[in-house]
Amino acid sequence: MYATRLKTCDASSPRSSPENRYGVYLSSIHSASRRAHQPYPNSTGPHEPTFNEVSACIRLGHKYQVDFMVQRNMDFLRKYYTDDFDARYPSNLVRPPSFQALHSIGVVNLARLTGELRMLPTALMDCCTLGTEIVDGFA
């Protein structure tokens, strides 16, 4: 019986990083008082997620097929990284308030991971504002 369980384990999958697990943990704490599949509140709400929380939820949700978690966080990113340039420019919010400019590189990576290609133009445009910082990359 133990041998058959070993055969079904995927030993080749990499472990989740502590930062990703911590981000998901923080996100679950903040959403404990409300249903997990509801969207994040606006920036005037009680909790504005950090890039690490959003990234961890998307990456681990994608890895473990937790669709509502991926959808919730992608919806949050789509409010800022949209393919509608007319809607983006009147707004003075280029990126979420809790994000740094360097996080736009990570947003490009998340958009590519999830196949959300509509986010790429504005995320890449945000990357263009980094100047020489862009060669340092994003870890």
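Because the model is predicted, local features are given only where pLDDT is at least 70 and side-chain atom pairs count only at pLDDT 80 or more, while totals for chains, interfaces and linings use all residues. Residues are numbered from 1 along each chain as its sequence is written, and side-chain values use heavy atoms, with hydrogens and water left out.

## The chain as a whole

The protein chain has 7 helices and 0 strands, where helices (H or I, at least four residues) and strands (E, at least two) are DSSP runs numbered from the N terminus. Read from the N terminus on, the elements follow the order α-α-α-α-α-α-α. Of the 139 residues in the protein chain, 35% are buried; buried means under 20% relative accessible area, exposed means over 50%, and partly exposed lies in between, with a 1.4 Å probe and protein chains only. Contact means heavy atoms within 4.5 Å, and among contacts in the protein chain between residues at least 6 apart in sequence, 64% join residues at least 24 apart.

Axes are lines fitted to C-alpha atoms, for helices over the stretch in contact, and angles run from 0 to 180 degrees between N-to-C directions.

| Helix pair | Axes come within | Crossing angle |
|---|---|---|
| Helix 3 and helix 4 | 8 Å | roughly 140° |
| Helix 6 and helix 7 | 8 Å | roughly 155° |
| Helix 3 and helix 6 | 11 Å | roughly 15° |

Angles under 35 degrees count as roughly parallel, over 145 as roughly antiparallel, 65 to 115 as roughly perpendicular and the rest as oblique. With axes that cross at roughly 155°, helix 6 is therefore roughly antiparallel to helix 7. Helix 3 and helix 4 are oblique to each other, whereas helix 3 and helix 6 are roughly parallel. A crossing is left-handed if the near helix is turned anticlockwise from the far one by less than a right angle, and right-handed if clockwise. The crossing is left-handed for helix 3 and helix 4, for helix 6 and helix 7, and for helix 3 and helix 6.

Which residues bring helix 3 and helix 4 into contact? From helix 3 come Val54, Cys57, Ile58, Gly61 and His62, and these meet Met69, Val70, Asn73, Met74, Phe76 and Leu77 in helix 4. By class, this contact of helix 3 with helix 4 holds 8 nonpolar, 3 polar and no charged residues; here Ala, Val, Leu, Ile, Met, Phe, Trp, Tyr, Cys and Pro count as nonpolar, Asp, Glu, Lys and Arg as charged, and the others, Gly among them, as polar.

In the left-handed crossing of helix 3 and helix 6, the contact is made by residues including Phe51, Ile58 and His62 of helix 3 and His103, Val107 and Leu110 of helix 6. The residues of this contact divide into 5 nonpolar, 6 polar and 1 charged.

## The nonpolar core

A nonpolar core is a set of buried Ala, Val, Leu, Ile, Met, Phe, Trp, Tyr and Cys residues joined through side-chain atoms within 4.5 Å. The largest such core has 20 residues, and those with the most contacts inside it are Leu77, Tyr81, Phe99, Val107 and Met119. Helix 3, helix 4, helix 6 (103-114) and helix 7 (120-128) each supply at least two residues of this core, and its largest share, 5 residues, comes from helix 6. If neighbours within four places in sequence are left aside, Leu77 is in contact with Val54, Ile58, Phe99, Val107, Leu110 and Met119.

Leu60 has its place in helix 3, and at 9% relative accessibility Leu60 counts as buried. The C-alpha atoms of Leu60 and Val70 are 8.4 Å apart in space, although these residues are 10 apart in sequence.

Most residues other than glycine have a negative phi, but phi of Gln65 is near 60°, a positive value.

Arg78 is placed in helix 4. Leaving aside neighbours within four places in sequence, Arg78 is in contact with Gln71, Glu116, Arg118 and Met119.
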